[in-house]
Amino acid sequence: MVHAVIKTSDVAKGRVTGFDSAAAQREPGVLAILTHQNLPKPVLTGESKEGKEAIGPSIQMTFMPMQSDQVFYAGQPVAIVVADTLEHAQHAAAKLRVTITPEAPVASYQDTKAQRYNPGGKPDADAEGTKRRGKAAAAFAAAPAQVTATYVHATNHHNPMEPSATIAHWEAADRLTVYDATQGVSWQQRALSGFLGLPMEQVRVITKYLGGGFGCKGPIWPHSVLTALTAKAVGRPVKLVLTRPQMFTSVGHREDQEQTLRLGATKEGKLLALLHEKTSTTSQWDDYAETNSKFMGMLYQCPNFEATTKLAKANVMTPTWMRAPGEAPGSFALESSLDDLAYQLGIDPVQIRLLNHADKDPSTGKPWSSKSLKQCYQRGAELFGWSKRNPKNGLTRDGKYLVGWGMATATYPVNNSQGNARVRLYADGHAVVQVAATDLGTGTYTVITQVAADCLGIAPDKVRFELGDSVLPTTNISGAPWELAPSLRRCTRLRRTCGRSSPK
């Protein structure tokens with residue numbers, strides 16, 4: 001195995017006009033210096049409709065670097081240095097000189113050059129465009145009580161302790177094994193198959209231990225594909241580990257964004273109108289925006305609702321899912337505005353939420369399958385001693401400290417998908433359970449072992465659980481509740497087959 005180091009652009013927009021690799025080539029152990037001029041090309045990229053369909057749901061950024069001389073964002077890979085050791089590769093990469101002619105970039109949606117647009121394409125488009133119920137603007141204008149507030153969020157980065165890393169090994173000209181830091185080995189297998197033009201069964205992805213993921217290791221990013229192409233170029237297994245600075249520019253981020261909320265209500269605190277407008281930055285290629293308003297139309301009873309998303313393309317890489325995508329900044333904005341309304345009207349924050357409690361889904365009129373929010377408010381208030389709260393700011397103290405008392409409602413969707421598991425029960429009483437899942441530190445190894453033991457009626461030490469390999473039965477990515485729930489259902493079905501072995 002040899003080591004690869006990425007050389008990145010230090011400008012956000014421009015064109016590569018030259019490489020001076022003489023000093024780098026003279027360094028000991030250097031095997032190759034790859035650029036857009038000599039790197040093998042992928043068969044497909046996400047920039048075409050055909051490529052996007054073949055690569056599948058893990059494609060987040062459709063642009064693939066090192067295919068031309070163009071630079072679109074700071075930190076974009078422009079060269080890869082391969083050497084026999086990591087230190088040799090790092091030293092040679094430091095001596096490689098890349099000349100880039102800079103151009104004026106667009107920094108964010110706040111840039112005066114940025115052009116804002118509605119990604120839905122028409123006023124009444126669905127998600128990430130505009131959603132309407134009733135006549136929110138008119139109802140807000142006529143409301144006796146009004147609150148308008150704008151919330152600005154800076155760019156956030158995941159940056160787990162364990163950086164993203166890839167090892168690519170071409171075991172034959174048409175057979176690839178990849179060890180990758182990915183939250184979804186099955187998704188990654190399909191993506192690499194699409195990029196490289198290989199049948200899926202000839203691509204194997206292995207991830208036994210991931211470390212932190214938080215969403216940034218869910219999609220496939222360019223460095224994984226570049227590692228596979230580099231290994232093909234040098235004819236050796238290649239290991240590439242992103243540096244800590246590269247983690248800020250290689251695996252997405254939560255976009256910088258601005259949310260404006262307008263709440264209209266009666267003097268008693270009953271909501272009449274809720275309007276939410278989000279503006280955020282996306283990349284030059286992809287219309288990505290967190291769906292901050294996804295829950296706003298259903299969390300509280302409100303007859304008039306409108307949510308609009310506006311984007312601005314800038315010279316950044318494509319944003320991505322982050323822990324609590326959209327729901328976190330969206331909840332912050334809505335709950336802060338509702339608190340402001342309660343303060344304006346002199347209503348207790350818990351009471352104003354009870355007053356606007358949605359007994360049915362306001363967006364569909366359908367009943368909830370279950371909902372215990374009122375009981376949560378009551379129990380939380382009891383445990384917290386909410387009745388002792390002084391509603392006037394600045395009057396509650398603990399010695400020299402001012403003390404604030406607050407509450408808020410939070411929500412997150414239930415996500416469901418198909419998953420598969422294989423269970424074998426042997427004559428000596430032990431079992432093997434296999435799932436192509438990833439344990440990102442949330443205990444998948446432990447939980448599935450416990451559930452399988454319970455379903456089969458054997459001790460946990462009689463269960464061997466195997467995961468993290470694309471040759472095993474497929475599952476969705478490890479994110480939200482997607483991975484664990486399908487696997488649990490598969491194991492639970494064993495109980496209904498009297499503990500007999502099941503092929504799936």
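Residues are numbered from 1 along each chain as its sequence is written, and side-chain values use heavy atoms, with hydrogens and water left out. Because the model is predicted, local features need pLDDT of at least 70 and side-chain atom pairs count only at pLDDT 80 or more, while totals for chains, interfaces and linings use all residues.

**Overall architecture**

The protein chain contains 12 helices and 21 strands; these are DSSP runs numbered from the N terminus, helices being H or I of at least four residues and strands E of at least two. Along the principal axes, its C-alpha atoms fill a box of roughly 75 × 70 × 55 Å. Of its 504 residues, 51% count as buried, a term that means under 20% relative accessible area, with exposed over 50% and partly exposed in between (1.4 Å probe, protein chains only). Among contacts (heavy atoms within 4.5 Å) with a separation of 6 or more, 78% join residues 24 or more positions apart.

**Helix 5**

Helix 5 covers residues 185-196. Because 11 of the 12 residues are buried, helix 5 is largely enclosed by the rest of the structure. Among the buried residues are Trp187, Leu192, Phe195 and Leu196. The buried residues of the helix pack against helix 2 (49-55), strand 10 (165-172), strand 11 (175-180), strand 12 (203-206) and helix 6 (222-234). Gly197 follows helix 5 and has a positive phi, near 70 degrees.

**Leu261 in strand 14**

Leu261 belongs to strand 14 (residues 257-265) and is buried, at a relative accessible area of 0%. Leaving aside residues up to four places away in sequence, Leu261 touches a set of residues that includes Val147, Tyr151, Leu274, Met296 and Ser337. Ser337 is 76 residues from Leu261 along the chain, yet their C-alpha atoms are separated by 7.1 Å.

**The second largest pocket**

The second largest pocket holds about 750 Å³ of space. On a 1 Å grid over the protein atoms alone, a pocket is an open set of points where a 1.4 Å probe fits, with protein on both sides within 12 Å along at least five of seven lines, and lining residues have an atom within 4 Å of a point. The volume is the space filled by probe spheres set on the points, which are joined across faces, edges and corners. Of the 28 lining residues, Phe295, Met298, Asp361, Trp368 and Thr411 are the closest to the centre of this pocket. Strand 8 (130-133) and helix 7 (296-299) each supply at least two residues of the lining.

**Individual residues**

Met66 lies in the loop between helix 2 and strand 4 (70-71), and Asn159 in the loop between strand 9 (145-153) and strand 10. Phi is positive in Met66, near 65 degrees, and in Asn159, about 45 degrees, although neither residue is a glycine.

| Residue | Relative accessible area | Class |
|---|---|---|
| Met66 | 3% | buried |
| Asn159 | 21% | partly exposed |
| Cys216 | 0% | buried |
| Cys376 | 48% | partly exposed |

A search of the whole structure finds zero disulfides, a disulfide being a pair of cysteine sulfur atoms within 2.5 Å.

Notes. The expected span of a helix is 1.5 Å times one less than its number of residues.
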